[in-house]
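Please look over the sequence and the model below before reading on.

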Amino acid sequence: MIRNVIFDFGAVMFEWNPLQIVNSFTTSQPEREILLRDVLQHPDWLSLDRGTMLIAEVLPKFSARTQISPRRMEDFILHIQLSLTKIQQTETLFYKLTRQPYSLYYLTNMCSAFFDTLYEKHHFISFFDGGLISGKELVMKPEQEIFMRLCERYQLTPQESLFIDDNSENIQIASTLGFNTIQFNQTPTCFQQIEKQLSLH
């Protein structure tokens, strides 16, 4: 029996599309490619998510590597945060679940500064029963440790928990650890699958 529902944030609760982010920031194709390759897909971005580097530390590194001015790079980081808009249908699902006897948690790879911005901006995050942010924990998905830490901190049993994430590797690890899982995409079929598994019909 499922008692807990665990949500990823990026591409589940909030839009996260790196290609769209760079395309909406600049019309210059060379700049788009640089920002995608040397910022969003660079190992330093993972260090930011993991919390082993702060935005203040990576900004000069990103700027030096890309030859893009620090001011422009700051604008890009702000643009990324503004691009994290909530996915309306997931928010609706979330509110529906708050009226059900489920405990609700989040488990996301995100730098703590981004999370703090989202928390201030979106009231619904305060309705979660708890959760872990990789940038605060210094471990990240798909490492087993972050899943086990979530269970330990909130006394969760994987077999009684449904984990919803868009990333196949994260889903695979969670399944191995005994979680019920649904790989998320923004389709009616996916939402129907979630509602069916949680008996929301």
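## Salt bridges, a helix and a pocket

Glu137 is buried, at a relative accessible area of 14%; buried stands for under 20%, exposed for over 50%, and partly exposed for what lies in between, with a 1.4 Å probe and protein chains only. The model is predicted, so local features need pLDDT of at least 70 and side-chain atom pairs count only at pLDDT 80 or more, while totals for chains, interfaces and linings use all residues. Residues are numbered from 1 along each chain as its sequence is written, and side-chain values use heavy atoms, with hydrogens and water left out.

Glu137 forms a salt bridge with Arg149, and their closest N and O atoms are 3.0 Å apart. The pair joins distant parts of the chain, with Glu137 in helix α8 (residues 134–137) and Arg149 in helix α9, 12 residues apart. A salt bridge here is a side-chain nitrogen of Lys or Arg within 4 Å of a carboxyl oxygen of Asp or Glu. Helices (H or I, at least four residues) and strands (E, at least two) are DSSP runs, numbered from the N terminus. Glu137 and Arg149 also belong to a network of salt bridges that takes in Glu145 and Arg153.

By this rule, the count of salt bridges is 14.

| Pair | N to O distance |
|---|---|
| Arg3 and Glu160 | 3.3 Å |
| Lys61 and Asp44 | 3.6 Å |
| Glu137 and Arg149 | 3.0 Å |

The salt bridge between Lys61 and Asp44 links helix α4 (residues 55–66), which holds Lys61, with helix α3 (residues 43–50), which holds Asp44; the two residues are 17 apart. Lys61 is partly exposed, with a relative accessible area of 37%, whereas Asp44 is buried at 7%.

Helix α9 has Ile146, Phe147, Arg149, Leu150 and Cys151 as its buried residues. These buried residues pack against β1, β2 (103–108), β3 (130–133), α8, β4 and α10, where contact means heavy atoms within 4.5 Å. Just after α9, Gln155 has a positive phi of about 50 degrees.

Which cysteines are buried? Cys111 is buried, with a relative accessible area of 4%, and Cys190 is buried at 3%. The whole structure holds 0 disulfides, a disulfide being a pair of cysteine sulfur atoms within 2.5 Å.

The last topic is the pocket. The largest pocket holds about 610 Å³ of space. On a 1 Å grid over the protein atoms alone, a pocket is an open set of points with protein on both sides within 12 Å along at least five of seven lines, and lining residues have an atom within 4 Å of a point. The lining has 24 residues, and Trp16, Leu46, Asp49, Asn109 and Asn167 are those nearest the centre. Helices α3 and α10 (168–176) are the elements that give two or more residues to this lining, and α3 gives the most, with 3 residues.

Technical notes. 1 Å grid on protein atoms, 1.4 Å probe; cavity = no way out; pocket = protein on both sides within 12 Å on 5 of 7 lines; lining within 4 Å. Points joined across faces, edges and corners; volume = space filled by probe spheres on them.
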